[in-house]
Amino acid sequence: MAEATIEQASERPATPGPREARPLPARMRRPPAALLHGGYLLAAGLWPLVDLRSFKKVTGPKLERWLTKGVGACLANIGAALGAAGARGKVARELRILGMSTAVSFAAMDLWYAGARRRISRVYLLNGLAQLGFAGLWGVAEWLETRDAHRVPEAAFA
């Protein structure tokens, strides 16, 4: 019996099959909501810790230095956790809830106290709008995760 060998080079490049054409699994993607919001919160949280004087020049006077620094430290911690999860490419549902609730909470506080009540500096309106944008990103991230979870699994030996 003679063996047939195929040593001819194909003239067309091989097109990827359905498995190769699919997007990367959610655990392999770098979630933009976690990376962006985490970086923003980390920077915003570290600012009063590093240079409280410039922070107060931009945001207005603060009665309690320790409270400003304490809130900054909490924000930096949340930002570091979100950013690390985003860099790793695997953001657990609990961290998505933390990111979304943090964004909505700060947006509500900023828009209420800087906008409607005018109790704090108007510069906080910018932060409130940014937080609304991050909340939207977290909503899209949750939708994508849910959509990917409902996909029909591929056959192992197709």
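Predicted model: local features only at pLDDT ≥ 70, side-chain atom pairs only at ≥ 80, totals over all residues.
User: How many salt bridges does the structure hold?

Analyst: The structure holds 3 salt bridges. One of them joins Glu142 and Arg93, with the closest N and O atoms 2.6 Å apart.

User: Where do those two sit in the chain?

Analyst: Glu142 is in helix α6 and Arg93 is in helix α5.

User: Which residues end up linked in a network?

Analyst: Arg93, Arg96 and Glu142 are linked in a network of salt bridges.

User: Is Arg96 buried or exposed?

Analyst: Arg96 is buried, because its relative accessible area is 8% and the cut-off for buried is under 20%. Arg93 counts as partly exposed, at 46% relative accessibility. Glu142 is also partly exposed, at 25%.

User: What about Asp148, which side chain does it meet?

Analyst: Asp148 meets Arg147 in a salt bridge, at 3.3 Å from N to O. Asp148 is buried, with a relative accessible area of 16%. Arg147 is partly exposed, at 36%.

User: New topic. Asp110: where is it, and which side chain of opposite charge is nearest?

Analyst: Asp110 is in helix α5, which covers residues 93-116. The nearest side chain of opposite charge is Lys62, 9.3 Å away. Asp110 is buried yet has no salt bridge.

User: Why does Lys62 not count as a partner?

Analyst: A salt bridge needs the nitrogen and oxygen within 4 Å, and Lys62 is 9.3 Å away.

User: So what does Asp110 touch?

Analyst: Leaving out residues up to four places away in sequence, Asp110 touches Gly115, Tyr124, Leu125, Asn127 and Gly128.

User: Now the nonpolar core. Which residues make up the largest one?

Analyst: The largest nonpolar core has 9 residues. They are Ala33, Ala34, Leu41, Leu75, Leu82, Ala85, Val91, Trp138 and Ala141. The elements giving two or more residues to this core are α2 (32-50), α4 (65-88) and α6 (124-149).

User: What does Trp138 touch?

Analyst: Not counting residues up to four places away in sequence, Trp138 touches Ala33, Ala34, His37, Leu82, Val91, Leu95, Arg96, Gly99 and Met100. Of these, Ala33, Ala34, Leu82 and Val91 are listed in the core too.

User: Tell me about α4. How many residues does it have, and how far does it reach?

Analyst: Helix α4 has 24 residues. It reaches 34 Å from its first C-alpha to its last, close to the 34 Å expected at 1.5 Å a residue.

User: Which of its residues are buried, and what do they pack against?

Analyst: In α4, the buried residues are Thr68, Gly72, Leu75, Ala76, Gly79, Leu82, Gly83, Ala85 and Gly86. The buried residues of α4 pack against α2, α3 (52-59), α5 and α6.

User: What comes just after α4?

Analyst: Just after α4, Gly89 takes a positive phi of about 90°.

User: And what is the phi of Arg118?

Analyst: Phi of Arg118 is near 55°, a positive value in a residue other than glycine. Arg118 is in the loop between α5 and α6. It counts as exposed, because its relative accessibility is 60% and exposed means over 50%.

Definitions and conventions
Residues numbered from 1 in each chain as written. Heavy atoms only, no water. Helix = DSSP H or I, 4+ residues; strand = E, 2+ residues; numbered from the N terminus. Buried < 20%, exposed > 50% of the residue type's maximum accessible area, 1.4 Å probe, protein only. Lys, Arg positive; Asp, Glu negative; His and termini not counted. Contact = heavy atoms within 4.5 Å. Core = buried A, V, L, I, M, F, W, Y, C linked by side-chain atoms within 4.5 Å. Expected span 1.5 Å × (residues − 1).
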